[in-house]
Amino acid sequence: MLPWAGIAFGLGGYFLWGISPIYFKAVGAEGVALLDLTAHRILWSCLLCLGLLLAFGKRAEWLGVLRNPRLRRALAGSAVFLLINWLVFVWAIDRNQVIACSLGYYINPLFAVVLGRLVLKEQVSAVQWGAFALAGAGVLVLIGNADSAIYLSLIIALTWGFYGLIRKRFAVDSLIGLTVETMVLLPFALAYMAWLAWQGQGALGTANSWTHILLLCAGPVTAAPLVLFAAGWRRLRMATMSLLQYLSPSLQFLIAVLLWNEPFTAVHAIAFACIWGALLIYSWNSWQIARRSA
């Protein structure tokens, strides 16, 4: 019997991640600068996560992580990768490169396979290696045709891959991990917001009411998908979650092409066909392996 609650939570998290470009596009349309938006995202995410920690009774576990120097260093490192990923993601959306974002998140699971094999010594089947090679061919097609946006896709895939690697090696609850990561980044965000205020710039206190509402929503936009993802992760097998995760970049791709009319060329079609094929092969093989070992 399928754990429908876990599937609902997992799909909910990936759905919110998938439509998040609509939110960031709306904030950008209000004239909020990239760094200003990122600073607000850090601030309101941190405050919301702290509130959720208290509401869920995780204060003792959170303090235990803060007292552990090894975990603090690990989460400081993951915070750097998270920040780079956030900046590149929003920068790409602002420049109408959402297709590049979706491509990056399609590549990421396959890049994670390589990281898992090289760093964590996880077993990778010959079929999965073949899937990775097919995806690599898709990326090479874009590079060979001088697609200037491919670097955005690769940065997104690499930063999220290394972020996931750190979080996997140092097992910390998702909500607690995000709380500590935003706490690491918070002093820099506050310093930047203070500097903007001193310069008479920045959205806080100067923008209209609608812009302030959008900025306050940065916390839920960041934390809600993570909470749903964590709830689904606890209820589902990894093979199931690996299939659900493709909802997010698929939605980003559809939004880019259907809503914002981003150009989808023949080169894109070839590259995406390689990557989608690789994902189908990898997912099916992972599913079969999970079924045999169950």
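This is a predicted model: local features need pLDDT of at least 70, side-chain atom pairs count only at pLDDT 80 or more; totals for chains, interfaces and linings use all residues.

Residues are numbered from 1 along each chain as its sequence is written, and side-chain values use heavy atoms, with hydrogens and water left out.

**Stop 1: α5 and α7**

Select residues 98–118, helix α5, and residues 150–169, helix α7. (Helices are DSSP runs of H or I, at least four residues, numbered from the N terminus.) Their axes come within 7 Å and cross at roughly 45°. Axes here are lines fitted to C-alpha atoms over the stretch in contact, with angles running from 0 to 180 degrees between N-to-C directions. The two helices are therefore oblique to each other (under 35 degrees is roughly parallel, over 145 roughly antiparallel, 65 to 115 roughly perpendicular, and the rest oblique).

Now show side chains. Residues in the contact (heavy atoms within 4.5 Å) include Y105, I107 and F111 of α5 and I156, W160 and L165 of α7. By class, this contact of α5 with α7 has 16 nonpolar, four polar and no charged residues (nonpolar: Ala, Val, Leu, Ile, Met, Phe, Trp, Tyr, Cys and Pro; charged: Asp, Glu, Lys and Arg; polar: the others, Gly among them).

**Stop 2: α3 and α8**

Next, pick helix α3 (residues 59–66) and helix α8 (residues 174–198), whose axes come within 10 Å and cross at roughly 50°. That makes α3 oblique to α8. Find E61, W62, V65 and L66 on α3, which meet I176, T179, V180 and M183 on α8.

**Stop 3: aromatic rings**

How many aromatic pairs does the structure hold? There are 15, counting rings of Phe, Tyr and Trp (its six-membered ring) with centres within 6.5 Å; planes under 30 degrees apart are stacked, over 60 edge-to-face and the rest tilted. Click Y14 and W17: their ring centres are 5.7 Å apart and their planes at 50°, so the pair is tilted. Both lie in helix α1 (residues 4–29), three residues apart, about one turn of the helix.

Is Y14 buried or exposed? Y14 is buried, at 8% relative accessible area (buried is under 20%, exposed over 50%, partly exposed in between, with a 1.4 Å probe and protein chains only).

Finally, select Y23, F24, F89, Y105, W160 and Y163, which form one aromatic cluster.
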